[in-house]
Amino acid sequence: MNYMPGTASLIEDIDKKHLVLLRDGRTLIGFLRSIDQFANLVLHQTVERIHVGKKYGDIPRGIFVVRGENVVLLGEIDLEKESDTPLQQVSIEEILEEQRVEQQTRLEAEKLKVQALKDRDDEATAFS
Amino acid sequence: MLFYSFFKSLVGKDVVVELKNDLSCHTGKRRVDMDSCCRIAICGTLHSVDQYLNIKLTDISVTDPEKYPHMLSVKNCFIRGSVVRYVQLPADEVDTQLLQDAARKEALQQKQ
């Protein structure tokens with residue numbers, strides 16, 4: 001029953017399992033228990049899911065109160081679809097390690113890019 | 001209120017919502033890396049919209065980059081209005097004349 005037909009309300013999503021994407025890139029999965037007009041959320045039995053490549057790891061977080069401004073999107077998890085993902089779940093230590101390695105390679109690639117740009121700039125100024 | 005009414009007239013149509021380039025992606029002193037930023041475009045059917053232009057889509061699919069494996073088990077989603085950059089609409093669904101007239105009327109009303 002929609003209290004205001006046509007409006008994007010989160011009321012029907014209460015007590016369902018949701019995936020919340022935050023602005024800082026984090027993914028939280030939990031049962032939506034409470035909402036308000038700012039899209040502030042209360043999530044129950046929350047798990048922070050970290051994805052690296054085809055693997056993922058879940059860190060249990062308990063109850064989360066999320067300030068609405070940090071929410072990018074809220075997706076209802078289809079429990080049937082959840083059981084047939086091609087992704088592989090690994091332990092927390094393993095996924096944190098994979099994440100650290102990924103950040104490392106990204107940092108190094110970034111460094112190389114900055115260096116290449118600097119070199120190009122030096123070349124350009126050398127001719128002026 | 002104009003665009004709220006405009007979107008209400010598009011409920012049931014297929015749209016693509018492109019989200020903003022995340023301002024605080026991977027927080028820290030690290031510069032934002034464009035390739036890995038949380039920039040997503042989501043295709044789906046417009047289910048509902050509200051006064052904040054929050055959007056609810058059904059039957060979603062993430063258009064490229066499919067670097068978002070999290071969304072595999074999600075069929076419906078709620079997108080906060082503040083993170084939307086673009087909403088791509090099918091051209092034949094939009095009556096631009098009507099929209100222009102409505103915008104003019106709204107502008108006149110606002111002046112008074």
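Helices (H or I, at least four residues) and strands (E, at least two) are DSSP runs, numbered from the N terminus. This is a predicted model, in which local features need pLDDT of at least 70, side-chain atom pairs count only at pLDDT 80 or more, and totals for chains, interfaces and linings use all residues. Residues are numbered from 1 along each chain as its sequence is written, chains are lettered from A and ligands numbered from 1 in the order in which they are written, and side-chain values use heavy atoms, with hydrogens and water left out.

**View 1. A:Ala39 has a positive phi in a loop of chain A.** A:Ala39 sits in the loop between E2 and E3 of chain A. Its phi is near 65°, and A:Ala39 is not a glycine. Most residues other than glycine have a negative phi. The relative accessible area of A:Ala39 is 5%, so the residue is buried (buried is under 20% relative accessible area, exposed over 50%, partly exposed in between; 1.4 Å probe, protein chains only).

**View 2. A:Gln45 has a positive phi in a strand.** The strand is E3 of chain A. Phi of A:Gln45 is about 55°, although the residue is not a glycine. A:Gln45 is partly exposed, at 49% relative accessibility.

**View 3. A:Glu48 and A:Arg26 form a salt bridge.** The N to O distance is 4.0 Å (a salt bridge is a side-chain nitrogen of Lys or Arg within 4 Å of a carboxyl oxygen of Asp or Glu). A:Glu48 lies in strand E3 (residues 41–52) of chain A, and A:Arg26 in the loop between strand E1 (17–22) and strand E2 (27–35), so the pair ties together parts that are 22 residues apart in sequence. A:Glu48 is buried, at 8% relative accessibility. A:Arg26 is partly exposed, with a relative accessible area of 37%.

**View 4. A:Lys55 and A:Glu98 link distant parts of chain A.** Their salt bridge has its closest N and O atoms 2.9 Å apart. A:Lys55 is in strand E4 (residues 55–66) and A:Glu98 is in helix H2, 43 residues apart. A:Lys55 is partly exposed, with a relative accessible area of 22%. A:Glu98 is partly exposed too, at 26%.

**View 5. B:Lys75 and A:Asp78 form a salt bridge between chains.** The N to O distance is 3.2 Å. B:Lys75 belongs to strand E4 of chain B, and A:Asp78 to the loop between strand E5 (71–77) and helix H1 (79–83) of chain A. B:Lys75 is partly exposed, with a relative accessible area of 37%. A:Asp78 is buried, with 16%. Over all chains, the count comes to 16 salt bridges.

**View 6. B:Ser73 touches residues of chain A.** B:Ser73 lies in the loop between strand E3 (55–62) and strand E4 (74–79) of chain B. It touches A:Glu76, A:Ile77, A:Asp78, A:Lys81 and A:Glu82, not counting residues up to four places away in sequence (contact means heavy atoms within 4.5 Å). B:Ser73 is buried, at 5% relative accessibility.
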